[in-house]
Amino acid sequence: LILLPFLSAIADEGNDHSLGVTTTYIVHVEPPYDLFDSIDLQKWYFSFLPETANFTGGKSPIVHSYRNVFSGFAAKLSEVDVEFVRRRKGFISATPQRVLQLHTTRSPEFMGLRRDFGLWKDSDYGKGVIVGVLDTGIFPNHPSFDAGGMPPPPQRWKGKCEFNFTACNDKIIGARNFIDGEDGPMDRNGHGTHSASTAAGRFVGDASVYGNAKGTAAGVAPMAHLAIYKSCTDDCLESDVLAAMDAAIDDGVDVISISFGGFSREYYDDNIALGAYSAMQRGIFVSCSAGNNGPFHTTLSNEAPWILTVGASTIDRKLIRATAVLGNSEELNGESNYQPADFPSTDFPLIFPGLNSTNPRARYCYPSFGNLTLTGTIVVCEDRGGIGKIAKGRVVRNAGAAGLIIVNGEADAYTTPSESHVIPATHLSYADGQRLIAYLNSTANPTAAISFRGTIIGDRDAPVVASYSSRGPNTPSRGILKPDIIGPGHNILAGWYQSLENTDSHFNIISGTSMACPHLSGAAALIKNAHPDWSPAAIKSALMTTADQTNIAGTPIQDQTLNPADAFATGSGHVNIARASNPGLIYDIQPDDYLPYLCGLNYTDQQVGIIANRAVNCSNISSIPEAELNYPSFSVFVGDESLTFNRTVTNVGEANEVYTSRYTVFPSVDVKIEPSSLQFTEVHQRITYQVTFAKQPDAVSRTIIQGSLTWTSASHSVRCPVIAVI
């Protein structure tokens, strides 16, 4: 399980040039307009380097040269080298690369996909679409990547297969490695195999983990091709990620799936955003994980409006019921993948090392228990604290414990992950953890047992926003609501690079926005097949405007506290793929439409040019406010003056269709929509409408109000979430 916090760090390789210690820098330079081939481009990049930096120890200082994501390169440079580079004509910027963190069977069915029915059938399961997965590589021998019945790659495909054995086929049509020192694109982490099989894995029967969650595993787009770009190990270096994006653009992928990120930055300083912009210009859809720093606000990653930013939610399968039975007969339901059949149902002494301890790390089960004897006990550990869940199990197992109960801290509330523990265990919610601690305090000789009860399906609260799913608002651009959407990311069963059970079964259940992102990447592949002429923005609009607002029980989607979630957690709502293929109306955005928006952020010409990868003069562009971008949501700041914003919708439904507007009542804000109805007479017709927001006289300042604006016809409902800040 990868649920690591974001880390922004400078990668210092420590190589000694004659001019000092070197660091890998990402260098942006002006495009060489008079140079066209890769040899000339390489010469142009080398012209920025001092001779003393060239080929130290017989090795080029340039780590990667970029052609598509932007004009520039990554190089190992000393501080003196960098000063030389800064003085060269054509230089734009040089920044030390960051280290980015990975954001880590039933989910397709939960998303509304049915075999031989609906969108799966209509889109031919994504046939002919190429999904590029940037991650930790792939385990190619997994049955999820069987090529039986797959068509050959499209003729436009230009990718490579860098395995040193026969591994690529009509399913995995390309696999490349961009990490120095790695021997190829083989996955030695698991994250990449899990992501790839979630996005586009084939149907695999009898998939399970330790015999639990058994069923037919399938990715969201089972007939789509996979192109693998190994750019991460346990973390991801920006220079490698950019090289992978550069290659994916050149190779001809249709979708790029990125399940990692870093701290929020301005778009011109966010290399994933820069690469994604270039991909979007080529018609490539880019889906990224929102990050695992929830439930706190303003913790997002990958917020650029040309990226689909994906948060994580639960599905209706409780994985997998493991009940703590206390000595007072109280039963507390938790979850665990590992459910040994031979674990005795008898009571064990119950110990919480953090109870009444002066050691602040004791509650998290660090490997130091003082005078406590854990042999033959069930140990209680609080989650997080800088030590992983599996690691907690190893610590207490090594100390002789018989079992483990992990309890959530208050922030994680009811989000309980199901882990492949190394010891009989269960993971309890915060509320049940407090009941357990109350029991510990009520008796001198507390005991407990763990009862394993298998897979439970039918959680009517699902989907619930997972606690770790990062929240908005969008730091670089408060006028664009993020995340865009949520999708299944919690306790997801998919392919794994090794067997956890020493059998032929290679599956695992892990959680994170990393798992949600490939679900939406696969969804984009299905829509791309059904609508090959749609732009990335059109596909994004279709996914967002058709998203669900309610759970299985028909009540508003909840967050980890089981209270209604706000739009900073859900964005447009939970993906409904079945509806997304036929949205009725779309909010389209062409690449040049982003330039007035970027100029409106008060970026300099050079900063906008870095994003657009060409010279831009904002004085010649009519800049617009953030909320004027033709985005399928509204995030507005309402002051004393009323605000009016335009949106243009394109009819992709019936030729003759009439839509009427409706909106939720906004306390403290008056809303006016003109015109109030839209009458379309042909497909692809475009109509512009205006929305005016005005503060009411009794409105309280610094109030955040949320609601929605919806266009409804006889056949379609097209919804935009609205956030208004007074």
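A residue is buried under 20% relative accessible area, exposed over 50% and partly exposed in between (1.4 Å probe, protein chains only). The model is predicted; local features need pLDDT of at least 70, side-chain atom pairs count only at pLDDT 80 or more, and totals for chains, interfaces and linings use all residues. Residues are numbered from 1 along each chain as its sequence is written, and side-chain values use heavy atoms, with hydrogens and water left out.

The structure holds 4 disulfides (cysteine sulfur atoms within 2.5 Å). One joins Cys-599 to Cys-618, with S to S 2.0 Å. This pair links distant parts of the chain, 19 residues apart: Cys-599 lies in helix H14 (residues 594-600), Cys-618 in the loop between helix H15 (605-612) and strand S29 (634-637). Helices (H or I, at least four residues) and strands (E, at least two) are DSSP runs, numbered from the N terminus. Cys-599 is buried at 7% relative accessible area. Cys-618 is also buried, at 14%. The S-S torsion is about -80 degrees, so the Cys-599 to Cys-618 disulfide is left-handed. By contrast, the Cys-232 to Cys-236 disulfide is right-handed, with a torsion of about 105 degrees.

An unreviewed UniProt entry annotates Asp-135, His-191 and Ser-514 as "active site". They are spread over 380 residues of sequence, yet cluster in space, with a largest C-alpha distance of 9.9 Å. UniProt positions follow the numbering used here, feature names are shortened, and annotations may be inferred rather than shown by experiment. Asp-135 lies in strand S8 (residues 130-135) and is buried at 1%. Its contacts (heavy atoms within 4.5 Å) include His-191 and Cys-232. His-191 is found in helix H5 (residues 191-200) and is buried at 0%.

Methods:
Lists of a residue's contacts leave out its neighbours within four places in sequence.
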